[in-house]
Amino acid sequence: MRKIPIYSHPAAGWPALISSTQKLMDYKTFLRGGISVFKSNQPQGGFDCPGCAWPDHKSHKAIDVCENGIKVIASETMTHKADADFFARHTVTELQGWTGYELEHSGRLSEPMYYDAAQDRYVPIPWEAAYSLIAEQLGQLDSPDEALFYTSGRVTNEPAFLFQLFVRCFGTNNLPDCSNMCHEPTSVMLSRQLGIGKATVMLEDFEQAKLILMFGQNPATNHPRMLEMLAHAHDQGCRIISINPMREQGLSKFRNPQKPTHMAAGQSADMVDDVIQIQIGGDAALLTGIAKWLIENDKINHDFITTHTSGFEPLKHWLTEQSWTDITLGCGISQTDIINLAELVADSPATICTWGMGITQHVQGDDNVAMITNLLLLMGMIGIDGAGASPVRGHSNVQGDRTMGIHERPSKSLLDSLEHVFEHPMPQEHGYDVVTGAKALIAGKLKVFMGMGGNYAVAAPDTSAIEQALTTTQLNIFVGTKLNETMLYPSANNLILPCLGRTERIVTTKGEQFATIEDSMCQIVPTQGKLKPVSDTLKSEAQIVADIATHVLGADTSIPWLAMSEDFDIIRDYIAQAINGFEDFNQRIRTSERGFHLYHAARHRVWNTESGTAQFEVPQYPITFVAAQMAAANDIDDIENTAQKVWQLTSVRSHDQFNTMIFGFKDRYRQTDRRDVLFMHPDEISRLGWQKGDRVMVTRQRAKDSLEQPRVLGPLVLSEMDIASNAVAAYYPECNDLFDLDTHAPDSHIPAYKSTTVVLERVEANTSIATPA
């Protein structure tokens, strides 16, 4: 298959600066947002970028933010408001017809609002009245488990700690969060195999690595600050291999905006040495082939395996049973190429495996993470400099929220610690995650939904069903900075509670407060906004949670909710008592310029697993799982010819969005300025007799015994991408209704956003078929 360099320019550089400047102007925040750009990720008195969770480098830069970070800052610092006047002009029914882009640009939420069904509009409500309504409705529940409390990864540590404490004091562990939809297989499998569900590397390890294997990642779009470290590692002699069904154009070269020689002289740095263009869902099969060759050729670290691991023999037995025919069928890569990659692994004294949601968001996502960890354990690449596991999180504090206790399946040690510190019983039963919570919502088992940020219905599969289910509850509460789709399907009582943004000052009776976040590599850093809030009626997330807790829990005065919301030092003192690793929290966060690193036991080869050792895991799914899926969809026995009839579809994010936030329509690296597109390799387009620009319907067929109707998306405009054969891609979240809540990984429950089997049909240009609810 020929390669197609669609975007031939280096990543970042002048186009990134121009695009960033344009977004500041689009949001009419050139001055206000521009000032914030200079405060982003600064060690003294700056705020942590509310974009991705990539760590800050120890070196200091006057401007330390990427193109996407500036877009997020522009979005948050806009002064145009979605206030009472805005809602007076637009009914909720009208707003339901707006696109995500239009809602994102409608303005900052600036005062608490209540849905008035008679007017079909949101109307202002005093804060005190909103709190009283929440207390009334929560007090009428038959059980605390009839409420669901969702958290976005942009919530900082201090309000996250208060939120989980309030929810547990209320009596439930129904605390789903965005981790359930992005890196849950990472959390589950790394915890099972290494004893802690986080990265074992620090940023400095990238400077010492000799081989970096990147699985299912597109840093140029999703975490551009990583590009600088990849370019630096490559310059130091590290080989970097991208393993991805898509040959992402933003990974070829990097033009660093921080380097005058790059910007003025047009220089750029190489990043990736090679791209292994596997089939969608083929990662576990590829890793199986690498591990099989390493073991059969005695290229593994026997001393490490003997001293530090358990479960090697079952894995070895399983690997010997896997045929090379199945391995190559499962990943679409030849045996020769797999062996070449295995030889690189064998020769490397320091290997980092880094991955994104292209690894996790599959039915076999747990297996994918397990096989990456297996590979690192086989080579003894945990607990040495320049090597280890590096999952790259998306939201800026999604990892910190989990550390603070935002988890539907909390450990007994966490609950025991909270009970001891606060002298209050904690619920012991596991709660709902995103998938089980959405199912409970749809089934009518939930009467209250509360979202601390995020866009729950649009981020989850079965968006239309969740939106409809939200209209059947007794109360929905949305804490956020921007209007989004989930807020537009009101229940009997619907509240929007506007909060301060990351860039804005938090000033209480105790003075100006700062918060903290945890990045992808376990570094705890301070964050302090400096802008005047866009509205005088905004409250901090911590104050909103404390006020709600005070009204709902009433007589429970043993926990000083209001004192904590006024003085974040008090929150941090409680965190220091309740959460391992945060001893002397207030002192440590103030005495180090870039915060402090949480102790990571596995990094020190201490294994807090059930066996007390690092654990090899045998995959649960056959490595030909995807090929078998396609064969079943075709209802034929010959799985070699399935590409003629069905395709594997994966969801992707545009360069002009952050998760469900749509900043614009231009995807620079994929050369398109629209979102209703279906990406396919030009060779495949030609093979079908189709042309770029054709309109295509995408249908997900259900099993023969299913009563559900096929899911249909489109028509989408056919566009070119250097993507593996048998594969197509469409933008998330527009393609979410193709995915369902029943198709997920078995242990982590992560929805399969990155691989679903579909049938394609070309239609006439004037065809207009609505996606069914």
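The legends below accompany close-up views of a predicted model.

**View 1. A salt bridge between Asp 56 and Arg 594 in the predicted model.** The closest nitrogen and oxygen atoms of Asp 56 and Arg 594 are 3.4 Å apart, and both residues are buried.

**View 2. Arg 154 and Glu 76 joined by their side chains.** In this salt bridge the distance from nitrogen to oxygen is 2.9 Å. Because Arg 154 sits in the loop between strand E6 (147-151) and helix H8 (157-170), whereas Glu 76 sits in helix H3, the pair ties together parts that lie 78 residues apart in sequence. Arg 154 has a relative accessible area of 18%, and it is therefore classed as buried, the limit being under 20%. Glu 76, with a relative accessible area of 3%, is buried as well.

**View 3. The salt bridge of Asp 667 with Arg 670.** The side chains of Asp 667 and Arg 670 meet with a distance of 2.9 Å from nitrogen to oxygen. Asp 667 counts as buried because its relative accessibility is 0%, and Arg 670 counts as buried because its relative accessibility is 6%. Side chains of opposite charge can pair when their charged atoms come close.

**View 4. A network of salt bridges that links Glu 158, Asp 569, Arg 572 and Arg 590.**

**View 5. Glu 684 and its contact with the backbone of Asn 726.** Glu 684 is found in helix H30, which covers residues 682-687, and at 7% relative accessibility this residue counts as buried. The side chain of Glu 684 reaches the backbone nitrogen of Asn 726 at a distance of 3.4 Å.

**View 6. Strand E24 (residues 647-652) and the strands with which it pairs.** Six of the six residues of E24 are buried, so the strand is largely enclosed by the rest of the structure. Both of its faces are covered, with Trp 647, Leu 649 and Ser 651 buried on one side and Gln 648, Thr 650 and Val 652 buried on the other. E24 runs antiparallel to strand E31 (residues 756-763), to which three bridges join it, and Trp 647 stands opposite Val 758 in that strand. With strand E30 (residues 727-731), by contrast, E24 pairs in the parallel sense over five bridges, and here the bridge partner of Ser 651 is Ala 730.

**View 7. The second largest cavity, with about 90 Å³ of space.** A search of the whole structure finds seven cavities of 30 Å³ or more. The second largest cavity is lined by 15 residues, of which Ala 284, Gln 364, Tyr 621, Pro 622 and Ile 623 lie nearest its centre. The elements that contribute two or more residues to this lining are helix H13 (283-296), helix H19 (365-378) and helix H29 (625-634), and the largest share, three residues, comes from H13. By residue class, the lining of this cavity divides into ten nonpolar, four polar and one charged.

**View 8. The largest pocket, with a volume of about 1,400 Å³.** The lining of the largest pocket is made up of 41 residues, and those nearest its centre are Ser 191, Gly 195, Ile 196, Gly 197 and Ser 411. Two or more lining residues come from each of helix H9 (184-194), helix H20 (398-403) and helix H21 (412-422), with H9 giving the most, namely five residues. The lining of the largest pocket divides into twelve nonpolar, 20 polar and nine charged residues.

Technical notes. Residues numbered from 1 in each chain as written. Predicted model: local features only at pLDDT ≥ 70, side-chain atom pairs only at ≥ 80, totals over all residues. Heavy atoms only, no water. Salt bridge = Lys/Arg side-chain N within 4 Å of Asp/Glu carboxyl O. Buried < 20%, exposed > 50% of the residue type's maximum accessible area, 1.4 Å probe, protein only. Helix = DSSP H or I, 4+ residues; strand = E, 2+ residues; numbered from the N terminus. Polar contact = N/O pair within 3.5 Å; in protein donor to acceptor, adjacent residues only side chain to side chain. 1 Å grid on protein atoms, 1.4 Å probe; cavity = no way out; pocket = protein on both sides within 12 Å on 5 of 7 lines; lining within 4 Å. Points joined across faces, edges and corners; volume = space filled by probe spheres on them. Nonpolar A, V, L, I, M, F, W, Y, C, P; charged D, E, K, R; others polar. Pairing = 2+ DSSP bridges.
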